[in-house]
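Biologist: I am new to this structure. Please take one part and look at it closely. Which helices pack against each other there, and how?

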Amino acid sequence: MYFNQEFETLPRPALEALQLSRLRSVLERVYANVPFYRTSLDRSGIRPADVKSLNDLQRLPFTTKQDMRDSYPYALFAAPMEEIVRIHASSGTTGKPTVVGYTRDDIEVWSELMARSFVSAGAHKGDIIHNAYGYGLFTGGLGAHYGAERLGASVIPISGGNTRRQIMIMQDFGSTVLTCTPSYSLFMAEEAKSEGVDFRNLRLRVGIFGAEPWSEAMRGEIEQKLNLAAIDIYGLSEIMGPGVAIECIEAQKGLHIWEDHFLPEIINPETGQRVPEGERGELVITTITKQGIPLIRYRTRDITSLTYEPCICGRTHARIARMSGRSDDMLIIRGVNVFPSQIESILVAIEGVEPHYLLIVDRSENLDTLEVQVEVDERIFSDEVKVLQRLTRRIEKEIKDMLGVTCSAKLVEPKTIQRSEGKAKRVIDNRKY
Amino acid sequence: MKVEQLSIFIENKSGRLAEITSILGGSDINIRALSLADTSDFGILRLIVNDVESAKQVLKAKGFTVSKTEVVAVEVPDRPGGLSLILQALDVEQINVEYMYAFVERCGGNAVIIFRFDETDKAIEVLQSRHFNVLEGDRLYSM
C-alpha cells in the first residue's frame, strides 16, 4: 500500500532527474536568499549553475549544527517571516536551541511525508492513531498529528505522560496505531501489566517508534509485550521532523528515506569523504524542496548505512539502516536531546561547582535515567546536610528547567571522577539498545 | 570560647569511615568526639580531634574534602532536665541548633555536649549570661 504511489515508486532514472532539478533549484534559492550559503558557496568556488549532476553534490560544503547555532534564531531562513507559519526548536549544544521555520508548503510536504510514513507502517484511513509524542517545540507531536490528519485517520492528540490515562484511552477509544518513543511504549506495557490490562485485548495493531535509538532486541520485546508490529521511524527537526525515513511493514528492514525531498549521503565523519554503499558512516542530508530553512549537506551526526537495493515493498527510495550511534556526544534521554556541554554550562554557572562531573545514563523499568555526579570540593562543602541537599535539588531543578530532562544529582568525593589526559570521559551510558 | 570541628564529606560506600580513622590513627591524632550525619547518598563526618590542623592536612593530602567549623562545647549538668535548661535558654533567644552530639569524656561530674548553632557568637553570649559553662577549645582537645 502506498499513500502517493507515483512518487513512492518512481523509477530511479526519473527520481534522479527530479532530484537534480530540485537540487539546482534549492541551491539557487539559498544562494539568492541566505547570506550564509552565498558566502560558503562563494568560498568553495561553486555556483549553483555549476552543479550539473547529482555527483556534484559532493563538491558542496557541509552545514553543521554549529552553523545553525551561529545563525540563531532566523539567519538561515530562506523565506521571509511573512511566509513562515510554524516554528519548532530542538536542543542546541549549549544554551540556545536550534530553530527551524516552515512555510505553508513545508507543512504540506511534511504532512504528506508523514502520511506516506503511516501507510508504509501499515496504517490507513479509519485507523485511530494514539499520538503520544510530545506536542510543543519538539517536532514529534505535531509532525505525526498533521500526517495522521492528512491520511484521514482519527488522531488522538494525547501527547506524552500520564500513563494510566493513556492506557484507559487506548482501551476505551479503541486506538489501533501507537506513536511514541520505543522506551515509552515499554514503560506503558509495564504500567498496563501492573493494572491488569492485557495488550492482547486492545485493538493496537501497529506502533511507530522513533526519536531515540533502539535495537532489534527491543523490537522483539515491544512486539511481544504490546502485541503489535513495531516500526522504526527517523526524523530530526533540522531536516523536517518525524517522517524523514521509515521502515515498510512488508520488509521491516531498513528505513526508506523519502528521496524526492531529501538527498542522503553517508560520509566518513573524520575525513568528510563519502563511503561506499552499504558501509557505515555519518548520515548527511540535503533538503531539496524545503522553503523555510533548506539545508545543504547537513551533518546529522547519526551513524547508519545506506542501500539502494530494491525492496519487496516496491518503493524505489533508498533505505538507511537502523541508527547505531552518534558521531558526536549527543545523548537522547527519554526522547530529549542532551549534550554534555549543556549540562556543563549549567553546572559551572552554579557558584562553587567544579566542572568535574560525570553523567551516568541508564534504563530503569524501561525509562531512561540520568544521574549527574558532581565532585564536592571545599567551596561547596558544608557541615550541614540541608545545605548539600539544597545544592543537589538546585542542580536537578536547573537541568530540568533548561533542558527539560529529569535527573538526579549525586555528590561524590573529590578526584573520584576519572581524569583523562585527552578528552575527559563525561558520560557512561549503560543502556542496552 | 569556640571549638574547632572538622567536617569531612564521605560518599556512602563501604570502608570510607575505616579509612579516615586509620589515616588519623597513623598520624597520632586522637578523636575526641564524632558524629555522622548521613543521607541515602552521602554522609558528613564531624570530628573533634586533639590536633585540628594536622588532622586537616593529612586528610586533605589523602584527597578528602575537609572543612573547619566553629562549634560550641557546653557543660551539661548530669541530671534529669539538664539539657532541657540549655535548650530552653536558647529557644527564648531564637537561636537554632543545627545539630548536636555528645562528647566522650566527662568534665568533672558533668556531661559535655557539642552544639552547632546558626548564630554561634550570640549563643555563647546567651549561655554565659545564664551561667552555663562553655568550654575552651584548648581544654577540650586535651581532655
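Modeller: Start with terms: axes are lines fitted to C-alpha atoms, for helices over the stretch in contact, and angles run from 0 to 180 degrees between N-to-C directions. Helices are DSSP runs (H or I, at least four residues), numbered from the N terminus. This is a predicted model, where local features need pLDDT of at least 70, side-chain atom pairs count only at pLDDT 80 or more, and totals for chains, interfaces and linings use all residues. Residues are numbered from 1 along each chain as its sequence is written, while chains are lettered from A and ligands numbered from 1 in the order in which they are written. The model scores ipTM 0.86 and pTM 0.78.

Now the pair. Helix α5 of chain A covers residues 104-120, and helix α6 of chain A covers residues 139-151. Their axes come within 7 Å and cross at roughly 75°. That makes α5(A) roughly perpendicular to α6(A) (angles from 65 to 115 degrees count as such; under 35 is roughly parallel, over 145 roughly antiparallel, the rest oblique).

Next, the contacts (C-beta atoms, placed from the backbone, within 7 Å). On α5(A), the residues include Ile107(A), Trp110(A), Met114(A) and Phe118(A). On α6(A), they include Gly143(A), Tyr146(A), Arg150(A) and Leu151(A). The residues of this contact divide into 10 nonpolar, 4 polar and 2 charged. Here Ala, Val, Leu, Ile, Met, Phe, Trp, Tyr, Cys and Pro count as nonpolar, Asp, Glu, Lys and Arg as charged, and the others, Gly among them, as polar.

For the setting, chain A is divided into domain 1 (5-328) and domain 2 (332-429). Those bounds come from an automatic or database domain assignment.

Technical notes. Helices (H or I, at least four residues) and strands (E, at least two) are DSSP runs, numbered from the N terminus. Two residues are in contact if their C-beta atoms, placed from the backbone, lie within 7 Å.
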